[in-house]
Amino acid sequence: MTSMYFGLLMFVCAIPVLIFLYFSLYPRKWINKPRVFGVNNRPEFKTEKSSEFIDIVVYTHRKQANVIGLTLLIIAIILLFLPGFTIKMIAWSIYIYVSLFAILVPYALGNSEMKKYKKCLGIVNSKVLYADLKNAGNIHSLNVPVLIITNIFSIALVTVTALIDANIIPVELGIYNGTFICTAFISSILITNLIAMPFAFMVDNSRNNVISENSDINANYNRARKKIFADFIISLSWCINVVGVLSLLVFIFGHSEIHMVLILGFFLLLLLFSFSMFAVKKLALDKKYMTQDANLIEDDDDSWVLGIFYYNPKDKRLTIEKRVGMGWTVNIAHPVGKHITMLGILSVVGSLVLLIWIGMMATTPIKVINGNDYVICHQLWDEYRIDKNEIVSTEYGNLNELQAVRVAGTGMENVAKGTFSVSGVGKCKFFLNPMVGKYIKIVTEDRIYYISDDTLEATEALYESIK
Amino acid sequence: MIIKINEYSDVPIYLQIRNQIVMGISSGELSAGEQLPTVRALSMEIGINTMTVSKAYQILKSEGYIMTDRKNGARVRTEINQTKSLSNVNKEELKRIVSEAKISGLSKGEFDKIINEMWGK
């Protein structure tokens, strides 16, 4: 059931993002758009001969994007029917990376062709920078007190949760009592607020775009642009706080994993909804101003590598408004931008390594060896040695009668290993295959173990030999 | 007022800023006593080093076009010292422009017309 919800959730989140990217990258009519494949649209492109050529470029790459988009949609539907949570999670993670890369390929090719065509027309970058003296440093839309209040609320909620977990506030958390899982879960959701706060300040203090000779038009455009982002961050922060409160209530009144998955699903849908609202407002704003009032556009096409990454060593700014999608990106040539880019690359590589590791964990069966002196539980790099001389008692039971939550370690369909909190027992060591459905409880002088072999028969044989 | 900085120009950026602020004062786009952006804000708007903007402001201040103080930042001077004469540097520049105009075959009347148009702006 959890696996099915997860698949649906990923589908509902990933497909709208891909559809949004498709329509923003490959518009059918390019003539009224501010850019064509990330290259500024200009009067020279609108002559009869040029527009014929650009029509072909747009048609060709849109067609490629159609094929890629359709393929990605079919793959996403197939992924819905994959068995098992772990396999599904790995497949969806890889799908997200591959789809984001694939959908951008025709755009990058189009960008390269447009830059070449621009050169053929003899257009060189004028490298003229504009600044509006009247508005410089004056346009702000962020409601700072409200943003701070949302963050104080988040911190207060995490503090209350930690106090409940530490039993200072006497609230029953059932199986989660004293595990600090509740605090970790709620903190991981609310940390989004703390991460978003510096971004809100950064965008509010960011450079104003000069789109017109008229300072009032520039002021109105930039004020609206910053307000849309500020409203997005503040509404998102309150939504996250609501999710935090709901999570705490679920921990107090309901103790099942399915509730947690539903809360996470709700959280992701809220993120998607908030972002969609932001995107709709931003597109409407650009449509209003860019089609009528914009007469000053900085020609920085060459600084956009493939139309996606901004690299300009002469530009001292760190954040630049994106050309692909919504929001802001970093100037890779900026000293801080270089570190952020490295961090981004490391995160991608790290997550891929993690996926390989999870994959190995999911496919390698656990092994239990009953030696002369020790019972050795082994899988990949993990090994538990239980000294037979220290065994006080053993017990054989049904896993579905056991109420346990993971405190630290691995919890997958076919592997549960690490420290778990068992209802009525406390913290124990697990090393079992939950699909077997049975466990052997081994009580030693200093620890309690719940183990099984990889199959039911092997587990029964193991119990017979240990007891 | 919109400042336009050409990165490919032979004229240094601080001089481009200085010249455009002077032209803004002359045309009335920047009125007497009008607040100018801070060095940090303007450098961020153009995406250049703060030292470049600071240098432009120092020149404008030494030439008497703007005044700066810690509390109010930079402002256009309410009373700019009117020497009623051209500096030697500007005379030399004008001489060069007139010479080039003569060589290109421009008549005095046409040249006057251009001057009048610019004067009127």
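Modeller: Happy to! Chain A is assigned domain 1 (129-296) and domain 2 (367-466), with bounds that come from an automatic or database domain assignment. This is a predicted model, in which local features need pLDDT of at least 70 and side-chain atom pairs count only at pLDDT 80 or more, while totals for chains, interfaces and linings use all residues. Residues are numbered from 1 along each chain as its sequence is written, and chains are lettered from A and ligands numbered from 1 in the order in which they are written.

The centres of domain 1 of chain A and domain 2 of chain A, taken over C-alpha atoms, are 43 Å apart. Between them, 4 residues of domain 1 of chain A are in contact with 5 residues of domain 2 of chain A (contact: C-beta atoms, placed from the backbone, within 7 Å). On the domain 1 side of chain A, these residues divide into 3 nonpolar, 1 polar and no charged. Here nonpolar covers Ala, Val, Leu, Ile, Met, Phe, Trp, Tyr, Cys and Pro, charged covers Asp, Glu, Lys and Arg, and polar covers the others, Gly among them.

Now for the helices. Helices (H or I, at least four residues) and strands (E, at least two) are DSSP runs, numbered from the N terminus. Helix α4 (residues 144-165) of chain A and helix α5 (residues 181-204) of chain A have axes that come within 10 Å and cross at roughly 160°. Those axes are lines fitted to C-alpha atoms, for helices over the stretch in contact, and the angles run from 0 to 180 degrees between N-to-C directions. α4(A) and α5(A) are therefore roughly antiparallel to each other, a label for angles over 145 degrees. Their crossing is left-handed, meaning that the near helix is turned anticlockwise from the far one by less than a right angle. Among the residues that meet here are Leu147(A), Leu157(A) and Val158(A) in α4(A), and Ile186(A), Leu190(A) and Met197(A) in α5(A). By class, this contact has 11 nonpolar, 7 polar and 1 charged residues.

α5(A) also packs against helix α6 (residues 215-253) of chain A, at an angle of about 170° with the axes 10 Å apart. That makes α5(A) roughly antiparallel to α6(A). The residues of α5(A) that meet α6(A) include Phe185(A), Ile189(A) and Phe199(A), and those on α6(A) include Phe229(A), Ile233(A) and Phe251(A). This contact of α5(A) with α6(A) has 17 nonpolar, 5 polar and 2 charged residues.

Next comes a sheet. In chain A, 3 strands form an open antiparallel sheet in the order β8-β9-β10; strands pair if DSSP finds at least two bridges between them. β8 (367-370) and β10 (382-387) of chain A are the edge strands, each pairing on one side only, and the twist averages 15° from one strand to the next. β8(A) is joined to strand β9 (residues 374-379) of chain A by 4 bridges, and Ile369(A) has Ile376(A) in β9(A) as its bridge partner.

Finally, the partner chain. The contact takes 19 residues from chain A and 19 residues from chain B. On the chain B side, β1 (2-6) and α2 (39-46) of chain B each supply at least two residues, and that side has 12 nonpolar, 4 polar and 3 charged residues. Strand β3 (residues 128-132) of chain A pairs with β1(B) in the antiparallel sense over 5 bridges, with Lys4(B) in β1(B) as the bridge partner of Tyr130(A).

Conventions. Contact = placed C-beta atoms within 7 Å. Parallel < 35°, antiparallel > 145°, perpendicular 65-115°, else oblique.
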